[in-house]
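This briefing looks at one strand with its pairing partners, and then at one helix-helix contact. Please keep the sequence and the model in view while reading.

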Amino acid sequence: MLIRSRRDFIKAAVTSVGALGAFAKFGEMNALASTSAPYQALVCIFMAGGNDGHNVVIPIATSLQNYSVYAQGRQSLAQPQALLQPIQNGSDTYGLHPLMPEIASLYNAGNAAILANVGMLVQPTTRQIFQTNNLALLPAQLFSHSDQTNQWQTAIPNSTASTGWGGRVEDNLQAQYNANANFTSITSTSGCGLFCTGQQTFAATVPVGGASLLQGATTPARLAAVQQLMTFDNGLQLVQAANATFNRGVGFSTTLTNALKSVNLKSVFPSSLIGQQLQTVAQIISIQSALGVNRQIFFCQLGGFDTHGAQLGTQDPLLQQLSQAVGAFYNALSTEIGQDKNTVTFTASEFGRTLQPNGNAGTDHAWGSHHLIVSTGAKNGGPLLGGQIFGTFPSLVLNGPDDANARGTLVPTTSVDQYAATLAQWFGVAPANVGGIFNYVGNFPTSNLGFLNLV
């Protein structure tokens, strides 16, 4: 790439180094003493498009309902009962999707849990509240991909925001845990939106396989030439600041690239995109001590869940990819890297989908959905109260008490704020600081849903 002007350079820097150059804030922080607390990581897997949780977690024989209730509402999209991966929640029997044996195995070993019927909420909400159409009590622009994605990532249900909850969590913990880090505390393996952005925290976008330097500056000689260009002083403070930011970004990129050279994980990951993303996360976690990061958040993304038509042929292989990738990731953490007790992996998605199919063998935008949390279970020495379903599993009766309309649009019984606040407190956020990060969590009975032992 020929860099003809400073404008061309800035464009190249943004497109190839990406957010790595935005980490000036880290280099400028005072060298505060980090605590001796152990490393901890949160790994978010965002299922973009609105994942249909109705075919992820299925009641078979529970105190509330049995498989026939599910099948009646699900119709042609029902997963066959005989093929489900059986799991227990106390005396209740549920089934996971047939192509998710790895997640079922983790759950049955106590190393995975389910959080039922999560969604964006302003306050505790019912079918009756929804049907009054009181917009002040409901998240803005329900059922909109872009709005609900932003709300999930910011934990702000009814207004715009410039930061995400992942970024705000890292802002809160920066001085305590990451003040002397050589790398950013948030890493995205697939374009991260607001979730990764804080006032002081910005994400590194690390492509599958590791970091890359400036496009067109891929050899040491070319990089040195570009860096020399950056020393030119034209007296413009904004340009000088951009130059300094870029140079620090190159420094972070170089640190990561060099540290990754020593990584030789033997664990086998699937070749799917989500498998390769989680392999990259595993590699970075394995060099955590070299990077000096003690609290680290990762954002991965698996797309394709906007299944308005031919859902079974689309969602089934995506869920299989997810299960295989998460299984491989947990195996690498537990058998090779040794960070399984310090890493919590969790799923997110902008909304769920209707229980009742549409006319195209697909489903439409809905609201609440079920999510997965994976870490070593408490009975195995880890933080997760695994082998359980947390929250309130909803009635699947069409037009029933938990249906916002008559198509199986679940009214969430657990808010995103509660979900995120529980993860944040395990991560190190003090209970007194939770309300400042999650502005609406005080509207709910608790900010700790109990699926993690807080330390």
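Strand S2 (residues 57-61) pairs with S4 in the antiparallel sense over 4 bridges, where strands count as paired if DSSP finds at least two bridges between them. Helices (H or I, at least four residues) and strands (E, at least two) are DSSP runs, numbered from the N terminus. The model is predicted, so that local features need pLDDT of at least 70 and side-chain atom pairs pLDDT 80 or more, while totals for chains, interfaces and linings use all residues. Residues are numbered from 1 along each chain as its sequence is written, and side-chain values use heavy atoms, with hydrogens and water left out.

**Strand pairing**
- In the pairing of S2 with S4, Ala61 stands opposite Thr93 of S4.
- Strand S3 (residues 85-89) is joined to S4 by 5 bridges, and these two strands run antiparallel, with Asn89 opposite Asp92 of S4.
- The hairpin of S3 and S4 has 2 residues between the strands, and Gly90 takes a positive phi near 65 degrees there.

**Burial of S4**
- In strand S4 (residues 92-96), 5 of the 5 residues are buried, meaning under 20% relative accessible area with a 1.4 Å probe and protein chains only.
- Asp92, Tyr94 and Leu96 lie on one side and Thr93 and Gly95 on the other, and both faces are covered.

**Helix packing**
- Helix H4 (residues 101-108) packs against helix H12 (residues 311-337) at an angle of about 45 degrees, with the axes 7 Å apart.
- The contact (heavy atoms within 4.5 Å) involves residues including Ile103 and Leu106 of H4 and Val326 and Tyr330 of H12.

Terms used: Buried < 20%, exposed > 50% of the residue type's maximum accessible area, 1.4 Å probe, protein only. Axes fitted to C-alpha atoms, helices over the stretch in contact; angles between N-to-C directions.
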